[in-house]
Amino acid sequence: SVASQSIMNLLVLCPIIFSKNIYDICKDLTVLCAVILFFRISGCVYMMNDIFDLENDKNHPVKSKRPLPSGKITKGQLIYFLSILSILTIALSYKLHLLFGHIILGYFIVNFFYSLYLKKIVIIDVMIVALGFYLRILAGGVVIDVYPSIWLSLCTILLSLFLVFSKRRHELVVLETKSNTHREVLSYYSLYFIDQMISIVTSLTIFAYIMYTISDRTIEFFGTKNLIFTNIFVFYGIFRYLYLVYKEEKGGDPAKLILSDKPLLLTIILWALCAYIVIY
């Protein structure tokens, strides 16, 4: 959804915050341009997915209301607009920063093949979506010549896997016997298998974040060991999300879930506030 894309694209801001450059106006403006360009390229990917998934989306209770499946716009009109917007966005990305341009182009190409074929391959489909999360973090860093640590990179990838597997689980539960007509790859998944995957990535995500907060590089860079106190918010946030997925059968749209669940939203705000105090 648009809300999910918006929250995902805000990940581009993470490197400037965690690199202690938030008060550098020049870098702020550069990262802001990167965020805008990622919004545009993700919009292109969003339209491309709609084109490839047109027939399947007509069977989805929510996606069938989108402009293309509902017939508000034609397929030809969308392809024309997509072509113009994607070329312009990639060109501007290279103008901003060479490596950033590579990331934007790579993101678009990967998602093209994802929409074309990779989304039909079990597990690979989830990993490609998770890669999109990490590329946003990486993109926000390269434009200001900052690169995320190994532990923070792993934490980002694992957390995204956690969110995507939770979304797949929700799709299986909600669509039941019609799940394969909406997303072909769902026929290869089962609730038991996805539950095992969620269990694994949950444990690894918590472990990776703990290691990030206590690593020598992190302590040396921030000049304090106090980032470890942010762990409590991460623990509760993940446990709350699991509760919503398993007890209330939610998780189909991570962004909407975060924005609609007050305890989860408050936890993220408190985590951000705590991290800000420790870092700055």
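## About the model

This is a predicted model, in which local features need pLDDT of at least 70, side-chain atom pairs count only at pLDDT 80 or more, and totals for chains, interfaces and linings use all residues. Residues are numbered from 1 along each chain as its sequence is written, and side-chain values use heavy atoms, with hydrogens and water left out.

## Aromatic rings

Let's start with the rings. A search of the whole structure finds 11 aromatic pairs. Rings of Phe, Tyr and Trp (its six-membered ring) pair if their centres lie within 6.5 Å; planes under 30 degrees apart are stacked, over 60 edge-to-face and the rest tilted. Phe221 and Phe222 form an edge-to-face pair, with 5.2 Å from centre to centre and 75° between the planes.

Are these two residues buried or exposed? Phe221 is partly exposed, at a relative accessible area of 40%, while Phe222 counts as buried at 10%. Here buried means under 20% relative accessible area, exposed over 50%, and partly exposed in between (1.4 Å probe, protein chains only). Phe221 also has a charge over its ring: the charged end of Lys20 sits 4.8 Å from the ring centre. That term requires NZ of Lys or CZ of Arg within 6 Å of the ring centre and within 35 degrees of the ring normal. Elsewhere, ring pairs link Tyr23, Tyr276 and Tyr280 into a cluster.

## Helices around α9

Helices (H or I, at least four residues) are DSSP runs numbered from the N terminus. Helix α9 (residues 150–175) packs with helix α11 (residues 191–214) at about 155°, their axes 8 Å apart. Axes are lines fitted to C-alpha atoms over the stretch in contact, and angles run from 0 to 180 degrees between N-to-C directions. This makes α9 roughly antiparallel to α11. The contact of α9 with α11 involves 22 nonpolar, 3 polar and 3 charged residues. Nonpolar covers Ala, Val, Leu, Ile, Met, Phe, Trp, Tyr, Cys and Pro; charged covers Asp, Glu, Lys and Arg; the others, Gly among them, are polar.

Helix α8 (residues 124–142) also meets α9: their axes come within 8 Å and cross at roughly 140°. The two are therefore oblique to each other. Angles under 35 degrees count as roughly parallel, over 145 as roughly antiparallel, 65 to 115 as roughly perpendicular and the rest as oblique.

## A loop residue

Where is Leu10 found? Leu10 lies in the loop between α1 (2–9) and α2 (14–18), and is partly exposed, with a relative accessible area of 43%. Leu10 and Ile144 are 134 residues apart in sequence and 16 Å apart in space, C-alpha to C-alpha.
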